[in-house]
Amino acid sequence: MATEPVESPFRRIMECYILWVTGHLPPLEEWKLQKITPILRETYGLEGHWTEIVATVLQFSGETDHVIRRNWDLQCQVAARHGEVLAPEAFVRSFVDGAFKGRF
């Protein structure tokens with residue numbers, strides 16, 4: 001019997017970060033992340049907002065948010081040229097799979 005690979009819990013947090021950067025993080029997810037921020041602080045020995053912790057753990061540069069938004073905008077334009085609308089979750093999965101293949 002084949003089993004599906006188990007995703008890292010941090011992967012979902014990273015996906016939420018990308019949704020946050022693109023302006024598509026649902027309020028309920030934001031609330032959940034606010035609630036687990038103390039756990040993230042303790043786990044990683046860092047202070048700050050959950051987004052700052054994620055960016056530090058992933059060693060994002062000051063340009064990373066800009067690169068993510070630019071990539072989002074470009075992919076939305078490609079989808080629109082084909083008469084489609086890019087779903088934020090689909091973009092996030094593709095982005096994470098491409099940028100962090102094998103890490104999470």
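This is a walk through one protein structure, from its overall build to a few of its residues.

The model is predicted, and in it local features need pLDDT of at least 70, side-chain atom pairs count only at pLDDT 80 or more, and totals for chains, interfaces and linings use all residues. Residues are numbered from 1 along each chain as its sequence is written, and side-chain values use heavy atoms, with hydrogens and water left out.

Let's begin with the whole protein. Its secondary structure comes to five helices and zero strands, so that is what DSSP runs give when a helix is H or I with at least four residues, a strand is E with at least two, and numbering starts at the N terminus. Read from the N terminus on, the elements run α-α-α-α-α. Along the principal axes, the C-alpha atoms fill a box of roughly 45 × 45 × 25 Å. The accessible surface comes to about 6900 Å², and carbon and sulfur atoms own 55% of that surface; such areas come from the Shrake-Rupley method with a 1.4 Å probe, and for residues only the protein chains shown count as cover.

Next, let's look inside. Of the 104 residues, 32% count as buried. Buried means under 20% relative accessible area, exposed means over 50%, and partly exposed is in between, with a 1.4 Å probe and protein chains only. Contacts, meaning heavy atoms within 4.5 Å, tell us how the chain comes together: among those between residues at least 6 apart in sequence, 57% join residues at least 24 apart.

The largest nonpolar core has 24 residues, and Y17, I18 and W50 are those with the most contacts inside it. A nonpolar core is a set of buried Ala, Val, Leu, Ile, Met, Phe, Trp, Tyr and Cys residues joined through side-chain atoms within 4.5 Å. Helix 1, helix 2, helix 3, helix 4 and helix 5 (88-99) each supply at least two residues of this core. Helix 1 gives the most, with eight residues.

Take W50: its relative accessible area is 0%, so W50 is buried. Leaving aside residues up to four places away in sequence, W50 touches I13, C16, Y17, W20, L25, E30, L33, Q34, T37 and L40.

Some of these neighbours bring us to aromatic rings. A pair of aromatic rings is described by the distance of the centres and the angle of the planes. Rings of Phe, Tyr and Trp (its six-membered ring) pair if their centres lie within 6.5 Å; planes under 30 degrees apart count as stacked, over 60 as edge-to-face and the rest as tilted. A search of the whole structure finds seven aromatic pairs. One of them joins Y17 and W20, a tilted pair with 5.6 Å centre to centre and 45° between the planes. Because Y17 and W20 are three residues apart in helix 1, about one helical turn separates them. Y17 has 3% relative accessibility and so counts as buried, while W20, at 35%, counts as partly exposed. W20 also pairs with W50: the ring centres are 6.2 Å apart and the planes stand at 65°, so this pair is edge-to-face. The pair links distant parts of the chain, with W20 in helix 1 and W50 in helix 3, 30 residues apart. Ring pairs link Y17, W20, W50 and F60 into a cluster.

What about the cysteines? The structure holds zero disulfides, a disulfide being a pair of cysteine sulfur atoms within 2.5 Å. For C16, the nearest cysteine sulfur is that of C76, 18 Å away, which is too far for a bond. C16 is buried, with a relative accessible area of 2%, whereas C76 is partly exposed at 25%.

Finally, follow the chain out of helix 3. The loop between helix 3 (50-57) and helix 4 (64-81) holds Q59. Most residues other than glycine have a negative phi. Q59 has a positive phi of about 60° although it is not a glycine. At 70% relative accessibility, Q59 counts as exposed. T64, in helix 4, is buried instead, with a relative accessible area of 14%. A polar atom of the T64 side chain lies 3.0 Å from the backbone nitrogen of S61.

Technical notes. A polar contact is a pair of N or O atoms within 3.5 Å; within protein, one must be able to donate a hydrogen and the other to accept it, and residues adjacent in sequence count only if both atoms are side-chain atoms.
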